[in-house]
Amino acid sequence: MASNLVVIDASARRATIKTTPGKVLSDVLQEACSKLGADASRYGLKHNNKTLDLSNPLRLSGLSSGAKLELVQLSRSPSVVSVALQLPEDDAQGVPGGRLIEKFPSNTTLWLILRRFESLAPHRNYTQRAKPKPAAGDAGAGRLYHEAPVLNIMGRELSSFTELQKTLAQLGFNSGSVLLRLNFRASDTPVEVAMEQIDLYFKAVEGESKAGAHATSMTASETVPNTDEPILAQDGNGVNSPAEPASPPSHDDKAISIQDTPQQTNPPVPEEPSISKSTTTGSGQRAITVFKPSSSAIPVAAQQAFRETDFEPTLSQAQRHQARLQTESRNRTLLSDRELAQKEDAKAKKVAQIKDIRVRVKLPDEHVLEMTLSSADTAEILYNNVKESLDSPQEPFLLQFPLNNGKKRTVPQNSKEKLGSDLGMSGNTLVIFHWHEGASAKSRNTPLLKEHLREHAEELRVPDVPEVDAPEEPAGSPMTGKRLGNNTSERKIGKPKWAKSLFKS
């Protein structure tokens, strides 16, 4: 018995879809989006403010004939779906329960899911099977023909290569779990022809995606020109080449631009304090500076003078803290794969810009070794520099440095990992020296450094930090110049409202 469903989008446009009791709601969404000119992968269906499960057929959805459904936009970031692949009996040997279970994003196609399960074990083959089919009157093995995979999802069979290109979201699975039953069906296509057709299909898809990305980048570059970089013109081969400038600026324009542009002066660089250092050469003729332990029992930081008001927040600081809390409390969408890739690229570029790393190795006896290494130097070079300064270099030890999250990372020994790109060292890095469990008790109780380094070690002097006045509060602020402390002397204690009526005459 046929019935109708009405799908309404955000602009109140309607699309009437003819349905049957066995029709799946995902097919209803596909037909509605094709009529309304929308992308079905970005939309879902709602009925009475309740999201519908698009994997259910109409008879299990609880919808009546003529029901009005809302076309709502889904989140751009894909959700996670747990997929279980039920294998045939011949392929289920050695698999617990005959099922393979993995988690996939909802925008993954069925074909890629099969390819993913193939990669979990080298002997699995679900997409490139072939079966011999002897010709009529031929007693030989015959020619190999492609054995196509067939998936059964909740009684719905998907067998053609085009149907296997549907994503989980297009089939109505945006969350939860789904069971795929796998079977194989012999086809009349030779296996080499089938593989060629599959390769041509994916090459065409990749060509369309590259063309779309190229058109998008060209449109963005034409819309928002960058005046700081030279204009690039594209030749016939698709290679960007710098274009000739339209006309050179006149001398008057240069004078105007110089007068309007404020002169940028470089801030004065504070002079480093003159510290007499005892240096030696390590691995690769690198200079190593040795500092002796502090002679005072009180840390230098504890000897610095401070003001009590430095620890009281100002009004502007409280406002910034409140604004940050409000920003962090808002819901945010998860980053897409493209945004995550851009974030990783920016991080890699930032690490690549770091050339030199100043490493300070703190020893258990409070001696400090300071050396300047390149970001391309390996962990083995760092260990060799430290060993050449020790009195017993044959004793095993470990080097650790703190990370931004508060944890410590051990520098691997005899490793070719780079200090910058692999270990994440940058700028000034403090490395802590630890004895290994196999180190002898004699080495732990004797001085670590060589005798001539200990004798010529210099004192590490901390430069004096000039006092900086606290910034003034903006004019017109109700608490200008005041701190948010517990100053109760300035508060006015009044009568509560309920007590005022008792003292009325």
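Me: Which residue in β5 stands opposite K46?

Reply: K46 has E70 of β5 across from it. This is a predicted model, in which local features need pLDDT of at least 70 and side-chain atom pairs count only at pLDDT 80 or more, while totals for chains, interfaces and linings use all residues. Residues are numbered from 1 along each chain as its sequence is written, and side-chain values use heavy atoms, with hydrogens and water left out.

Me: What makes β3 and β5 a pair?

Reply: Strands, like helices, are DSSP runs numbered from the N terminus (strands: E, at least two residues; helices: H or I, at least four). Two strands pair if DSSP finds at least two bridges between them. β3 (residues 43–47) and β5 (residues 68–73) have four bridges, in the antiparallel sense, so they count as paired.

Me: Which strands are at the edges of the sheet?

Reply: The open sheet has five strands in the order β2-β1-β5-β3-β4, with mixed pairing. β2 (14–19) and β4 pair on one side only, and these are the edge strands. Helix α1 (residues 25–36) packs on the sheet and touches β1 (3–8), β2, β3 and β5. A contact is heavy atoms within 4.5 Å. The direction of α1 makes about 140 degrees with that of β2, where axes are lines fitted to C-alpha atoms (for helices over the stretch in contact) and angles run from 0 to 180 degrees between N-to-C directions.

Me: Why is S55 called buried?

Reply: Buried means under 20% relative accessible area, exposed over 50%, and partly exposed in between (1.4 Å probe, protein chains only). S55 has 9% relative accessibility, so S55 counts as buried. S55 lies in the loop between β4 (50–51) and α2 (58–61). Leaving out residues up to four places away in sequence, S55 touches V24, M154, L171, G172 and F173.

Me: What makes the link between the side chains of S55 and D53 a polar contact?

Reply: A polar contact is a pair of N or O atoms within 3.5 Å; within protein, one must be able to donate a hydrogen and the other to accept it, and residues adjacent in sequence count only if both atoms are side-chain atoms. The side chains of S55 and D53 are joined at 2.8 Å. S187, in strand β11 (residues 177–190), reaches the backbone oxygen of H146 with its side chain at 2.6 Å.
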